[in-house]
Amino acid sequence: MSSKLYWDEKIETLPREDLEKYQTEQLSKHLELAYNNSGYYREAFDNAGVKPSDFKQLSDLAKFPFVHKKMERDRQLAKPLLGDMVAVSEEEVVFVSASSGSTGVPTLSPFTHQDFQEFQDVQSRNFWTAGVRPSDRYVHALNFTLFVGGPDVIGAQNLGALCLWVGTVPSERLLYVLKEFQPTVIWTTPSYAWYLGETAKKQGIDPAKDLAIKTIIVAGEAGGSIPATRDAIEALWNAKVFDFYGISDIFGSCAAMCSERNGLHLAEDHILVEVINPETLQPVPDGQRGEIVFTTLRKTARPMIRFRTGDIGTVNREPCPCGRTHARIYINGRLDDMLIVSGVNVFPSDIEFAIRGANEITGEYRITAITENFTTRFNVEVERSSSSTEDKNSIAEKVSQKIKTQTGVKPKEVIVLDEGELPRATHKAKRLVDLR
Ligand SMILES: [Zn+2]
């Protein structure tokens with residue numbers, strides 16, 4: 001049983017053609033459900049002059065209007081508690097998660113009993129994709145308070161792993177669990193995985209030798225898909241890093257990295273992906289960067305039709321050597337964090353890509369965006385490793401050159417600090433200070 005390659009072989013390896021046929025049938029029903037049961041969707045489709053019956057093939061989805069976070073929030077505030085994007089009565093809703101509210105009022109994401117079961121089945125699939133098996137001991141180190149990633153632990157439990165519902169606790173407490181229970185898998189953010197490993201070392205625990213962690217699942221930041229960042233965390237822990245991607249508006253994780261570690265497989269039987277140019281709103285070809293747009297296919301409590309995630313990335317629909325046929329997504333960062341410098345799009349993750357892996361610096365960094373003569377420029381702060389004796393000016397020059405090679409533009413200034421001067425993240429790292 002545990003030697004099987006896939007959690008759900010039939011679905012995960014469905015030929016592309018059959019998968020798209022399934023998506024078409026499912027979406028046709030889903031559009032009807034949204035139009036017939038949600039006040040918002042009825043109004044939005046009517047205003048756009050489209051009906052669910054106008055949808056005959058996947059490309060027809062482009063006729064339907066987009067939704068985005070602000071609309072979601074406005075509709076919720078206008079019709080509390082759940083807003084009028086929901087397509088079921090509140091009686092059918094058994095669970096709601098809330099977004100972190102970092103940009104205002106938290107938005108709620110409702111689930112029916114069946115939505116929740118399917119959500120957990122996708123979580124089991126994603127854990128299995130990252131190599132988690134019933135023989136594993138799994139530490140869920142994500143927030144349990146209203147956060148959509150909290151219940152993901154049920155997916156690991158349904159898979160058969162021994163699950164430790166730890167949540168976000170102080171590092172000493174978490175290290176105690178890692179030492180005493182010797183778990184093999186943990187899920188956290190990349191910056192916290194780094195911070196926790198460093199904290200362990202300071203306490204005389206070598207994460208690579210004294211702990212049993214073999215798999216580190218990360219999400220919430222770009223680092224898990226940046227090879228040099230993964231390498232640094234892996235060397236610290238003697239473990240393998242797998243990146244997951246989720247959004248509070250849909251599932252705790254929607255996509256997961258397989259053993260090939262080249263992009264994240266999206267659960268395409270539940271979520272349809274489009275990539276659009278955020279300015280023209282037109283689709284961009286596969287492989288080209290654009291805003292990721294998701295449409296749910298089965299989540300009935302609140303259908304999400306063409307939800308603009310605000311994340312920039314690419315999609316690859318080629319089959320993966322692992323045998324899975326579901327598209328792989330690659331996330332570069334938040335549209336809000338994108339800097340347009342001399343006409344070039346630069347993400348904090350591009351800068352991270354450029355500076356990780358250099359010996360003379362620690363890998364910690366902070367970007368400050370400024371406006372100068374009506375143009376966006378950016379400064380980058382890095383830290384010289386305490387083990388390095390290299391001149392700070394020479395480090396600054398090297399880092400600047402690496403960033404130029406990676407992004408096509410040079411930072412205005414690279415400031416080299418001493419090790420430990422930049423703040424360490426215990427949850428999600430704040431890498432960009434926007435002074436524009
Ligand atoms: Zn794969």
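Here is a walk through the structure above, from its overall build down to single residues.

The model is predicted, so local features are described at a pLDDT of at least 70, side-chain atom pairs count only at pLDDT 80 or more, and totals for chains, interfaces and linings use all residues. Residue numbers start from 1 along each chain, following the sequence as written.

Let's start with the whole thing. The protein has 11 helices and 19 strands; helices (H or I, at least four residues) and strands (E, at least two) are DSSP runs, numbered from the N terminus. Its C-alpha atoms fill a box of roughly 70 × 60 × 40 Å along the principal axes. The radius of gyration is 22 Å, which agrees with the value near 22 Å for a compact globule of 436 residues. That radius is taken over C-alpha atoms, and the globule rule is 2.2 Å times the number of residues to the power 0.38.

How much of the protein is buried? Buried residues make up 46% of the 436. A residue is buried if 20 or more other C-beta atoms lie within 10 Å of its own, exposed if 12 or fewer, and partly exposed in between, with C-beta atoms placed from the backbone. As for contacts, 66% of those between residues at least 6 apart in sequence join residues at least 24 apart. Two residues are in contact if their C-beta atoms, placed from the backbone, lie within 7 Å.

Next come the domains. The domain assignment gives domain 1 (1-333) and domain 2 (339-434); such bounds come from an automatic or database domain assignment. Their centres, taken over C-alpha atoms, are separated by 29 Å. The contact takes 16 residues from domain 1 and 14 residues from domain 2. On the side of domain 1 that touches domain 2, α8 (190-202), α9 and β13 (328-334) each supply at least two residues. The most comes from α9, with 4 residues. By class, this side of domain 1 has 7 nonpolar, 7 polar and 2 charged residues. Here Ala, Val, Leu, Ile, Met, Phe, Trp, Tyr, Cys and Pro count as nonpolar, Asp, Glu, Lys and Arg as charged, and the others, Gly among them, as polar.

Now for the inside. In soluble globular proteins, nonpolar side chains tend to be buried together. The largest nonpolar core here has 112 residues, and I216, V273 and I329 touch the most other members. A nonpolar core is a set of buried Ala, Val, Leu, Ile, Met, Phe, Trp, Tyr and Cys residues joined through C-beta atoms within 7 Å. Helix α8 gives the most to this core, with 5 residues. At least three residues of the core come from each of domain 1 (1-333) and domain 2 (339-434). Leaving aside residues up to four places away in sequence, I329 touches Y245, A255, G263, L264, L266, V273, I292, G313 and V315.

Strand β10 (residues 271-276) is worth a look too. It is largely enclosed by the rest of the structure, because 5 of its 6 residues are buried. β10 pairs with strand β11 (residues 290-296) in the antiparallel sense over 6 bridges, where pairing takes at least two DSSP bridges between the strands. In this pair, V275 stands opposite I292 in β11.

Back in α9 (residues 227-237), find W237. W237 is buried, with 23 other C-beta atoms within 10 Å. Beyond residues up to four places away in sequence, W237 touches G197, P207, A208, I213 and I216. W237 and W194 are 43 residues apart in sequence, but their C-alpha atoms are 8.9 Å apart in space.

Further along is helix α10 (residues 348-355), where 8 of the 8 residues are buried. Among them are D350 and E352. Just after α10, G357 takes a positive phi of about 95°.

Finally, some backbone details in the loops. The peptide bond from P80 to L81 is cis, with omega near 5°, and L81 is found in the loop between α4 (69-78) and β1 (93-98). R306, which is not a glycine, has a positive phi near 55° and is found in the loop between β11 and β12 (307-316). Is R306 buried or partly exposed? R306 counts as partly exposed, because it has 19 C-beta neighbours inside 10 Å. F374 also has a positive phi, of about 65°, although it is not a glycine. F374 lies in the loop between β16 (361-372) and β17 (375-384), and with 5 C-beta neighbours inside 10 Å it counts as exposed.
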